[in-house]
Amino acid sequence: MLITAPCVVSLTWRLADGQGEAIDDLTEPLEFFFGGHDLLPKVEEALAGHRTGYAVDLHLEPEHGFGDYDPALVCFEDRAVFSEHIETGMQFDGLPEGAATTGMKPDAIYTVTEIYPEHVVLDGNHPLAGMALRLAVKVCGVREATAEELEALTVSDSALSVVSTVPPSAQIH
């Protein structure tokens, strides 16, 4: 079966930064909805029209990956807003309840990057924002999408490592 929208592709990959340092190595195939919101547009473009067994090495500049780093997506919140068990790396879907910063994207995932006695630094950028990426992808399978997948335009168990995290209409990358 050719990869054409809509369908489901099963992929493995090796993701590295621009210097070749490994970021993610997916050795067990994972399914993604092709023609929806699961994959970055440049990844879909590279896979279109190919079959199981196809492999491609991609170089993605930030504008084709997860966008440029936006310092406006970083904010400082009062330490009292958080539980005492907060840790660097924790993530929030939107700003936490009680946050005082206004004008931040409500649907961004905010990562705790630093913790100080009086405040916590939250970053709404994708962890790979601003990075050039090298992606070696192999197609392990292609199948028709189910009715549920067609309705949702996604495969429910897709990983978020190299996928688009927001619909194309709202993408920041």
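I began with the pairing of strand 1 and strand 8, which is antiparallel and runs over 10 bridges. For the record, I call two strands paired if DSSP finds at least two bridges between them. Strands here are DSSP runs of E with at least two residues, helices are runs of H or I with at least four residues, and both are numbered from the N terminus. Within this pairing, I found arginine 14 bridged to alanine 136 of strand 8.

A note on the source: this is a predicted model, in which local features need pLDDT of at least 70 and side-chain atom pairs count only at pLDDT 80 or more, while totals for chains, interfaces and linings use all residues. Residues are numbered from 1 along each chain as its sequence is written, and side-chain values use heavy atoms, with hydrogens and water left out.

**The sheet**

Next I followed the other pairings. Strand 1 (residues 7-17) also pairs with strand 2, antiparallel over nine bridges, and there leucine 11 stands opposite leucine 30. Strand 3 and strand 8 are antiparallel too, over six bridges; I noted alanine 55 with lysine 138 of strand 8 as its bridge partner. Put together, these give an open sheet of four strands in the order 2-1-8-3, with antiparallel pairing. Strand 2 (22-34) and strand 3 (55-60) are the edges, each with a single partner strand, so one side of each has no neighbour in the sheet. I read an average twist of 25° from one strand to the next, with axes fitted as lines to C-alpha atoms and angles running from 0 to 180 degrees between N-to-C directions. A reminder to myself: strands of a sheet pair through backbone hydrogen bonds, either parallel or antiparallel.

**The whole chain**

I then stepped back to the protein as a whole. It has two helices and eight strands, in the pattern β-β-α-β-β-β-β-β-β-α along the sequence. The C-alpha trace spans about 55 × 40 × 25 Å along its principal axes. Of the 173 residues, 40% are buried, where buried means under 20% relative accessible area, exposed over 50% and partly exposed in between (1.4 Å probe, protein chains only). Of the contacts between residues at least 6 apart in sequence, 68% join residues at least 24 apart; a contact means heavy atoms within 4.5 Å. I also counted charges: 8 positive and 29 negative side chains, with the centres of the two sets 10 Å apart. Lys and Arg count as positive and Asp and Glu as negative, without His or the chain ends, and each charge is placed at NZ of Lys, CZ of Arg, CG of Asp or CD of Glu.

Is glutamate 149 buried or exposed? I found it buried, with a relative accessible area of 11%. Glutamate 149 lies in helix 2 (residues 147-152), and beyond its neighbours within four places in sequence it contacts Val8, Phe33, Arg143, Thr154 and Val155.

Phenylalanine 92 is in strand 5 (residues 91-93) and is partly exposed at 21% relative accessible area. Leaving out residues up to four places away, phenylalanine 92 touches Phe82, Ile86, Ala108, Ile109, Tyr110, Val112 and Leu122. Its C-alpha is 9.9 Å from that of aspartate 123, 31 residues away in sequence.

My last stop was histidine 126, in the loop between strand 7 (119-123) and strand 8 (133-143). Histidine 126 counts as buried, at 18% relative accessibility. From histidine 126 to glutamate 28, 98 residues apart along the chain, the C-alpha separation is 24 Å.
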